[in-house]
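Start with the structure below.

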Amino acid sequence: MKRFFSFIMFLAVATAAVAAQPKLVVRHVEPLSWWVGMTTPLQLMINGEGVSNYDVEILPAGQGVEVKQIHKADSPNYLFVDVAVAQDATPMEYTLRFKEGKRSYDVPYVIASREEGSRERASFTNADFVYLIMPDRFANGNPSNDSTADTQERVLRSNPGRRHGGDLEGMIAHLDYIADLGATAVWSTPLLLDDENGASYHGYSCSDYYRIDPRFGSNDLFKRYVEECHKHNLKVIMDVVPNHSSTSHWWYGDLPFKDWTHQWDEYTQSNWTFSTNMDFNASKADLYQMESGWFDRSMADMNLDNPYLLNYFKQWAVWWIEFSGLDGFRVDTYPYNEKNPMSQWCKSVMAEYPNFNIVGEVWTSSIPQLAYWQGGNANKDGFDSHLKSIMDFPLHDAIRSAMTESGECGWGQGMTRVYDVLSHDFVYHDLQNMMIMAANHDTDRIGDVCEGDVRRMKIVHTLLATLRGMPQMLYGDELLFRSSDRSKGHPTLRIDFPGGWEGDAVNLFDRAQHEGDAKELFDYTRTLMNWRKSKEAIHSGKTLHFINRDNTYGYFRYNDKEVVFVYINNSNLSHEIPWTRYAEITSGLTEGRNVVTGETLSMERVTVEPMSALVVEFKR
């Protein structure tokens with residue numbers, strides 16, 4: 001009897017001990033869900049206190065989804081689980097069962113059906129005109145989410161460096177305006193959670209790669225935003241930042257692996273010298289600091305040489321495309337990532353979506369260094385980035401410099417700068433996949449560069465509409481926006497769009513309220529960009545240009561069916577078009593149409609006024 005009683009007491013004590021043990025709480029399972037029929041392998045990153053002590057299985061069995069391998073991390077609070085999803089697996093809500101001895105813990109996980117045609121989705125091309133939005137500064141569609149209980153920084157619109165309250169609902173509300181301008185694609189600066197305690201409005205310090213910042217909206221609202229864009233014939237380009245995450249990211253206090261981010265004995269910034277990637281003479285020390293140094297004290301530099309992190313980012317990219325219906329990516333600070341892992345990342349995304357386009361920010365004035373980063377380029381070291389598109393900063397620099405040199409200028413100045421940049425087009429592997437721009441959210445407003453001169457702004461927009469590549473324009477440049485205080489840098493160039501907030505004195509989303517130079521520039525830009533939509537000679541035609549030293553520039557975009565002639569007069573004098581000089585291409589042409597005015601233009605004596613542009617289309 002004593003033995004029996006002792007046994008009962010032992011069971012009671014053991015049961016009580018088990019009951020007293022803390023229950024496993026799984027805090028994160030990423031990717032958040034998956035799909036049947038994907039090319040990309042699925043590797044779940046699971047985070048929870050002591051989760052590495054557990055085994056994992058997927059139920060129900062026999063449906064084509066099973067655990068293949070479990071990997072432990074340096075931290076006991078992570079598991080990386082390889083999951084096989086058969087091509088004929090059953091789409092359904094599965095159960096991730098975590099088991100330790102007799103204890104178990106269940107987490108639901110959805111494997112969904114893939115949308116028909118998802119793999120073959122189209123993307124942005126050189127036929128598109130890309131409109132760049134900074135969401136916090138565009139329009140506030142929902143004031144109730146300006147500040148939230150689960151984020152640090154509060155809205156303070158009076159301060160240029162703080163959050164102003166723009167959001168996804170505001171963007172959705174003004175898609176008509178963007179489409180009417182002639183844009184066919186929208187790129188917004190990052191919308192993912194940025195939970196810094198200051199200057200979080202820009203979004204480039206990500207605190208959660210799978211969550212839209214609640215001050216912008218939600219994941220489901222972002223998906224609706226993409227759907228609404230598509231209804232307006234607008235493609236959506238998502239801005240992504242694999243190079244660095246915020247030190248406020250949920251994983252930062254407990255990294256999965258010690259080398260998840262680049263570690264230094266003391267804080268070390270990047271040396272910003274990404275020429276070390278292709279410089280035969282560069283030291284290994286300089287290359288290491290360039291790609292491993294931090295961007296900022298609050299921006300931890302990610303180590304893409306860690307294979308688990310690289311898998312994480314591959315899946316993350318695919319998840320957002322498949323979940324929301326995205327049309328493209330823009331990758332921030334592209335050359336600061338480790339180049340070989342990023343090449344694998346690009347290749348992986350393209351394997352899942354063969355027609356997808358990714359444009360990389362490669363901020364350099366060096367044409368050979370820029371060309372190095374475009375996929376397929378014949379680099380001497382054999383490197384292939386698999387990055388389809390690049391941002392043309394040399395052309396950006398040339399246009400901006402030319403606009404400060406109107407009137408008479410010296411040798412190599414003015415419009416000759418643009419000619420010189422385009423004379424190097426032989427260096428590039430794919431001229432069609434280049435994003436061209438005169439400004440973006442990181443540069444001075446082009447309206448400031450042009451000193452508010454609408455004539456110069458019209459020249460800029462003529463160049464963007466007619467040169468090779470895909471034009472990108474920063475919100476408000478079509479209305480001659482200028483910085484509120486140019487001396488204070490980024491926060492003051494990223495001004496609010498008037499009319500995007502209740503109580504604004506003027507609503508510039510309403511064309512009826514456009515006045516003066518702003519109206520003139522908007523109407524001019526709208527005419528050109530809507531005309532550009534159907535111009536194959538612009539999208540895929542060749543370029544023929546002619547050198548001048550008088551601050552004018554004549555060039556032709558052409559194919560077998562049509563010829564577009566562009567004449568830029570950036571000087572303070574009237575100039576007559578030298579038709580005889582252009583005889584090698586104008587022979588056989590008679591009458592054309594002035595694209596802006598619609599008037600017929602005969603190839604006789606034509607004078608172009610100072611500080612103006614002429615665009616003429618001819619049929620062959």
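## Pockets and a helix pair

The second largest pocket is lined by 17 residues, and Tyr524, Asn594, Ser612, Ala613 and Leu614 lie nearest its centre. The elements that give two or more residues to this lining are α12, α14, β27 (607-608) and β28 (612-619). β28 gives the most, with 4 residues. The model is predicted: local features need pLDDT of at least 70, side-chain atom pairs count only at pLDDT 80 or more, and totals for chains, interfaces and linings use all residues. Residues are numbered from 1 along each chain as its sequence is written, and side-chain values use heavy atoms, with hydrogens and water left out.

A pocket is an open set of points on a 1 Å grid over the protein atoms alone, where a 1.4 Å probe fits, with protein on both sides within 12 Å along at least five of seven lines; lining residues have an atom within 4 Å of a point.

| Pocket | Volume | Lining |
|---|---|---|
| Largest | about 420 Å³ | 19 residues |

In the largest pocket, Tyr204, Phe295, Asp442, His490 and Arg494 lie nearest the centre.

Helix α12 (residues 454-466) packs against helix α14 (residues 516-532) at an angle of about 10°, with their axes 10 Å apart. That makes α12 roughly parallel to α14 (angles under 35 degrees count as such). On the α12 side, the contact (heavy atoms within 4.5 Å) includes Val454, Met457 and His461. Among their α14 partners are Leu521, Tyr524 and Trp531.

Key
Axes fitted to C-alpha atoms, helices over the stretch in contact; angles between N-to-C directions. Parallel < 35°, antiparallel > 145°, perpendicular 65-115°, else oblique. Points joined across faces, edges and corners; volume = space filled by probe spheres on them.
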